[in-house]
Amino acid sequence: MKIKESKAEIFIGLFLFIFALLLLFYIIPTQIRFVPSATTSPRLMPRFVAIIIGVLSLTMMFFGYLKRNRLNQKEFSISQKEAKLVILTLIVIAIYTMAVKYIRYIPTTIISLAFLMWAFGQKSKIKLVLISTAVPIVIYVFFTNFLKIRLP
Amino acid sequence: MKRKISLFLVISLIIMILGGCNNTPATPTTQAGGETTQAPKIDYPTKAITIICNYGAGGGTDLATRALAQAMERILGQPITVENKAGGSGTLGIIETMNRANDGYTIGVLTAAPLTIVPHQMEVPFTPEDFDYIGTFGQYGYGIAVKADSPYQSIADIVALAKASSGPLAYSASGYPQPFAMNAIGEKEGIEFTYAPYASASEVLTAVLGGHIQVAVGGQAEITQFMKSGELRLLAAAGESRWETAPEVPTLLELGYDVALRSYMGLGLPSGVDPQIAAILQDAFSKAVEDEQFLQVMRNMNFMISYTTGEEYKEFLARTYVENKELMAE
Amino acid sequence: MIELLLDGFVNVLVPGNFIYLLGGLILGVVMGAIPGLTATMAIALIIPLTFTISPTQSLIMLLGAYNGGIFGGSISAILLATPGTPSAAATVADGFKLAQKGQAGKAIKTALISSVFGGLFSSIVLILVAEPIARYALKFGPGEFTIIMLFSLTIIASASGKSMIKGLIGGCLGLLFGFVGMDPVYSIPRFTFGNVNLSSGINLVVMLIGSLAVAEILIQIESVARGRTNAHLPPPMTKDDDRLTFKEFKTLLKTLVRSSALGCAIGALPGLGPTLASYVGYDMAKRNSKNPQKFGEGAIEGVAAAEAANNAVCGANLIPLLSLGVPGDTVAAMLIGAFLIQGLTPGPLIFREAPELVYNIYSGLIISNILLFAFVMLTYKFFTNIGKLETTVIFPVVCMFCIVGVYAFNQSLFDVWIMLFFAVLGYILMKFNFPPATMMIGFILAPLFETNFRLALLISNNSYAIFFKSPITWFFWGATLLSIVTIARGKIKDVLAERAIDKELNNI
């Protein structure tokens, strides 16, 4: 998948502009209580920053539009394979965080490590098993006994 | 043969080192239920106990907790580790305690401010009723201080300054309940103050030292430090009694203001712990607060030692919770 | 004074004390190097151990750990693009690029020499002029700090690299994230979406690891998908790739002095810290360098500037601590605790109560820097060998370290989710060429700027005059204006250059 820089800028600018509007009119009013006696309101700075983001995003869209016919533009691309691996890693981390509470630290880490190493293309089975078991155990011992920090 | 002996020596050396690293005391001291008529039927403690401290490692509350933990370790005979779970103005640690098993092996440091003040500032999932209390081991002292080379010798001088200022006089403090003290003065004298919040107890005083703020409501530990070095002058003690380290300085109560700030460091358990375990803990606790090493650390850090029992603390918290609700609404 | 100092040296070198210094140093370096564990954590862990040892042993152990930890962060920053401590965030950009060119050894040695230089520089400043500096530092109140922060905000623009807009947006996002938490003045929650875990704000370490470390790993994973499964860093190609030559060192001298001085200044002012110091040092070096475009592509000047500045903070934050008893940052606040446990009060009295301790501390600082140099020079081969590990091994393992480090920070799985959020965000930002550094700078500066600004207005009763009162504010207004002008000039030059290139291309 490819996208030219100028197009990307237009889209991102649009996204950010909508975000800035959301901030100003929804998020800030609901998240921050109104303090009537305030000399400097808790909403002051966030509002200020939201406005700046709005302005900047419009500028970005504008420049992106201007640049649309430039010849030496950068292209942002990501191939299917790359995207798959990245998303896979993120999913593994997410599942890991959820699972580690129930299955304790050492087993979850061993499984995740082994899986990731295999997904990344590690061929040697010995290395896979060795590292994915040794590392979690070392970490666990180091943290619980030496640093006195509890792991799940 | 030689090899076997040296191998044996190496292994036993390693075992000794590892064993030494674990810091378990040799034998548990006898734990008498004490004066009760029958010995406790349950065997407690049989494994390590955890104390969850609701402030960051290395801070005042944390250090006091660790000193206490060491004393209790000596009495109970099991290792006691302190875990820090700071944040949320002290509420995160309390919530963590609440969520742990009430088997008696998790104790929480339950300080007064997050239990009685913070609930009125934001949503918290607990009230003081949700815990069983062991007791308090320390009290946070507060005082009103000014720069030593300033012309203010008493609270009356500050009142005069406030009246003479074109706008409200600003004072520095690091959170509630400190502003209650200035509010009380303001109410009685009919003057307004502006509360300038600083993030930590030492920043509160640095502002005064730098001349940016004229008067501060600060912590006893920190103010004492600067009194010793001659940089700050204490105008009044903000608690119910005069400071041991400054017996000539009056309290706000003595000066006629209806306020005495009280905030404690206490220990508690998630509610529903077996009463026998609770009794053992209370007993150990009451002995620990008299432990000489613990007292020495507290003295070094200029903390007031204050021992009250679990019930007394619970009562105090419930009462203060309601009082503060009104005070905070102002 | 020289005599006392020499006595101090002797005291620290006594084996009974020396072992604490060495132990603290090694612990600091190790914890600093592990992503997710920071120098501050190392100190927090050591403090309870100091109940029973002597004041000298306790303090030199803590200082050794601090110094070692701040350096240690650069090791993983260089080798793994993962800052081991927040203070190494500025080192990642150039450090990792150097490593990718096979010059990891050079990068680590540059970081080492710069850290030691910064540490020694600030130690000497501490010993010679602590008191007057500390007194002067007191004069910095909320009004002054606001303008300093204003100046620091211009660094965001300067750090934006090629696209100013993207950099500024990154900075604004960082600012927004910095607002999450309790309002500093009214203590009401902001942007917490009802979640208590967010009420104390987002943690710098968590955000850093997520948006810089894990995000970078995700980018690297793309290349793994393309089939890069061998050693994740190329080996040094020439002998010189592995060392810092004397010639190179000479070119770094000006940068080193400038960064160390900046680090000292920032360390002496309460509330700022080594992370800000490293970004400021980096930025100043970039602006004053003869080839600023090399920054971010593997300039040893960049590494040197960042590391000298952040280690200078170690010595400098003792300046207010020892002379007045006022902490320069969180670590110094913990050090006060260490003093108090021993029954000593840091501040002017300590020179009378325990002068030998003070000189032991001074010597300890100096020796810890020398020791750091020796230790790392002996062991750096071990570190650079990490570069030889295969990508398929190193990335999953580093991921796990990041997760565990973030969890360990506050025993919170919630933090790990936040890390994940920032990993995704950081990845997207990196993909579209947003500079991640600007988000970090914005995040660090948000509370500093806002709190001081609002506090200043509170104190002055809403009078803006407080921002113009003292010479300090004038100086920083001037610095801010100068900064904006230089950035604008640079930007205009860039735009004109681009236009010229465009014209050429269109004429072809």
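Which strands of chain B does helix α19 of chain C lie across? Helix α19 (residues 436-459) of chain C lies across β6 and β7 of chain B, and its direction makes about 160° with that of β7(B). The model discussed here is predicted.

- Five strands of chain B form an open sheet in the order β7-β6-β8-β5-β9, and their pairing is mixed.
- Strands β7 (193-197) and β9 (232-237) of chain B stand at the edges and have a single partner strand each, so one side of each lacks a neighbour in the sheet.
- From one strand to the next, the twist averages 30°.
- Strand β5 (residues 142-147) of chain B runs antiparallel to β9(B), and five bridges join the two.
- Within this pair of strands, B:Lys147 is found opposite B:Leu232, a residue of β9(B).

**A helix of chain B on the sheet**

- Helix α5 (residues 155-164) of chain B packs on the sheet.
- This helix touches β5, β6 (169-173), β7, β8 (215-219) and β9 of chain B.
- The direction of α5(B) makes about 95° with that of β9(B).

**The contact between chains C and A**

- On the side of chain C, 47 residues are in contact with 50 residues of chain A.
- Six helices of chain C, namely α8 (164-179), α9 (204-225), α17 (391-410), α18 (413-431), α19 and α20 (471-507), each supply at least two residues of the side that touches chain A.
- Helix α17(C) gives the largest share of that side, with 11 residues.
- By residue class, the side of chain C that touches chain A holds 34 nonpolar, five polar and eight charged residues.

**Two packed helices in chain C**

- Helix α2 (residues 15-33) of chain C packs with helix α16 (residues 355-384) of chain C at an angle of about 55°, and their axes are 10 Å apart.
- An angle of 65 to 115 degrees would count as roughly perpendicular and one under 35 as roughly parallel; α2(C) and α16(C) are therefore oblique to each other.
- The crossing of these two helices, α2(C) and α16(C), is right-handed.
- From α2(C), the contact is made by C:Leu21, C:Leu22 and C:Leu25.
- From α16(C), the contact is made by C:Gly364, C:Ile367, C:Ser368, C:Leu371, C:Leu372 and C:Phe375.
- Seven of the residues in this contact of α2(C) with α16(C) are nonpolar, two are polar and none is charged.

Notes: Residues are numbered from 1 along each chain as its sequence is written. Chains are lettered from A and ligands numbered from 1 in the order in which they are written. This is a predicted model: local features need pLDDT of at least 70, side-chain atom pairs count only at pLDDT 80 or more; totals for chains, interfaces and linings use all residues. Two strands pair if DSSP finds at least two bridges between them. Helices (H or I, at least four residues) and strands (E, at least two) are DSSP runs, numbered from the N terminus. Axes are lines fitted to C-alpha atoms, for helices over the stretch in contact, and angles run from 0 to 180 degrees between N-to-C directions. Two residues are in contact if their C-beta atoms, placed from the backbone, lie within 7 Å. Ala, Val, Leu, Ile, Met, Phe, Trp, Tyr, Cys and Pro count as nonpolar, Asp, Glu, Lys and Arg as charged, and the others, Gly among them, as polar. Angles under 35 degrees count as roughly parallel, over 145 as roughly antiparallel, 65 to 115 as roughly perpendicular and the rest as oblique. A crossing is left-handed if the near helix is turned anticlockwise from the far one by less than a right angle, and right-handed if clockwise.
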